[in-house]
Amino acid sequence: MQSIYATKHSNQESLKNEEKFLNKSMQDMLDLFIINLNLLINIQKHASEYYKKGQKKHLATAQDKSPNLKFVNNRLLEKLVNSKVLDKINSQKKLDIWVFDDEYPDLLWKDILKSEAYKLYLESDVDHYDADKNFIIELYQNIIAPNDKLYDYFEDKKLTWIDDLPIVNTSINRFLKFIPKHAKDLKLPDLFKNEDDREFGLNLLRKSLLNEDDYSKDIVKNTQNWDKDRIADLDYILLIMACTEFTKFPSIPIKVTINEYLEIAKDYSTPKSSNFINGLLDKIVKQYKNEDRLNKSGRGLI
């Protein structure tokens with residue numbers, strides 16, 4: 001959607017350039033995943049430095065001299081810190097950005113330090129890998145992911161990351177949950193499950209742009225007292241994409257297509273867009289059925 005929007009609003013339309021942008025933005029999502037794992041590592045480093053400074057205080061208390069290092073020695077965090085896989089990716093792609101922007105790990109550590117969850121974690125007699133893992137997941141869900149300053153930082157760093165962030169945060173939670181106790185190293189997820197998955201976005205982009213004129217006529221035909229110029233730009237793009245899925249992607253059920261684009265419209269377009277798109281897509285589906293243009297195969301796809 002963003003790539004098509006950029007194409008329609010650029011002075012020089014270029015499918016090749018937009019394909020590059022789409023490929024780059026998809027790769028950036030995986031980079032953001034790695035960056036958030038690095039954030040956890042850097043929070044642990046700030047915690048370690050905090051307790052080391054406390055031990056060196058001129059008037060150090062008994063607690064300062066012998067702090068509870070349960071968080072610093074958290075078994076799940078240690079797996080991230082010692083991961084050769086993660087270290088190799090960071091060396092290749094320079095994704096440990098928190099070395100330069102260390103105020104964010106620091107402010108998150110301070111939020112963790114004063115939280116009730118951290119206090120309970122230190123006080124708990126439960127001391128095993130699963131407890132460590134569950135605590136880090138809890139911190140990520142309740143303190144790190146919702147942080148407004150971190151959100152603003154990602155928005156300033158790369159605009160597309162704001163759309164990726166909810167998916168990445170969910171993926172991080174799932175990834176942490178399934179790191180086994182006896183794993184020798186991390187097994188990072190692939191960006192795509194297979195080649196078809198990788199090609200889907202590019203094919204949707206290409207086919208939407210190449211067949212836009214035909215779908216535009218279908219849209220106008222089914223909008224009484226409306227013309228293309230009166231339809232909101234994003235609504236128009238979503239309609240084009242939906243028509244593309246109807247006719248060019250046999251394995252995607254019609255209901256799935258409609259539901260997906262209604263959800264996107266709710267997030268990105270006008271308050272009335274989802275109702276408008278829903279009604280119009282219903283009409284277009286009926287037209288395509290009558291004209292035998294629905295390219296669907298398999299049970300439950302129509």
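Begin by selecting K24, which is partly exposed, with a relative accessible area of 45%; buried means under 20%, exposed over 50% and partly exposed in between (1.4 Å probe, protein chains only). The model is predicted, so that local features need pLDDT of at least 70 and side-chain atom pairs count only at pLDDT 80 or more, while totals for chains, interfaces and linings use all residues. Residues are numbered from 1 along each chain as its sequence is written, and side-chain values use heavy atoms, with hydrogens and water left out.

D28 and K24 form a salt bridge, their closest N and O atoms being 3.0 Å apart; the term denotes a side-chain nitrogen of Lys or Arg within 4 Å of a carboxyl oxygen of Asp or Glu. The two are separated by about one helical turn because they lie four residues apart in helix α2; helices are DSSP runs (H or I, at least four residues), numbered from the N terminus. D28 is buried, at 5% relative accessible area.

Next, select D31 and K93, whose side chains meet in a salt bridge (2.6 Å, N to O). This pair links distant parts of the chain, with D31 in helix α2 and K93 in helix α5 (residues 84–93), 62 residues apart. D31 is buried at 10% relative accessible area, whereas K93 is partly exposed at 36%. Elsewhere, salt bridges that share partners join E19, E195, R198, E199 and R206 into one network.

Is S208 buried or exposed? S208 is buried, with a relative accessible area of 1%. Beyond its neighbours within four places in sequence, S208 is in contact (heavy atoms within 4.5 Å) with I4, I240, M241 and T244.

Now select helix α6 (residues 103–113), whose buried residues are Y104, P105, L107, L108, W109 and I112. Their cover includes α2 (15–55), α7 (116–123), α8 (129–144) and α9.

Finish at D148 in helix α9 (residues 148–157). D148 counts as exposed at 59% relative accessibility. With D152, E155 and D156, D148 gathers in a patch of negative charge on the surface; such a patch is made of residues with over 30% relative accessible area and no salt bridge, like charges being joined within 9 Å and nonpolar side chains (Val, Leu, Ile, Met, Phe, Trp, Tyr) within 5 Å.

Technical notes. Areas by Shrake-Rupley, 256 points an atom, 1.4 Å probe, with all protein chains shown as cover. Lys, Arg positive; Asp, Glu negative; His and termini not counted. Charge placed at Lys NZ, Arg CZ, Asp CG, Glu CD.
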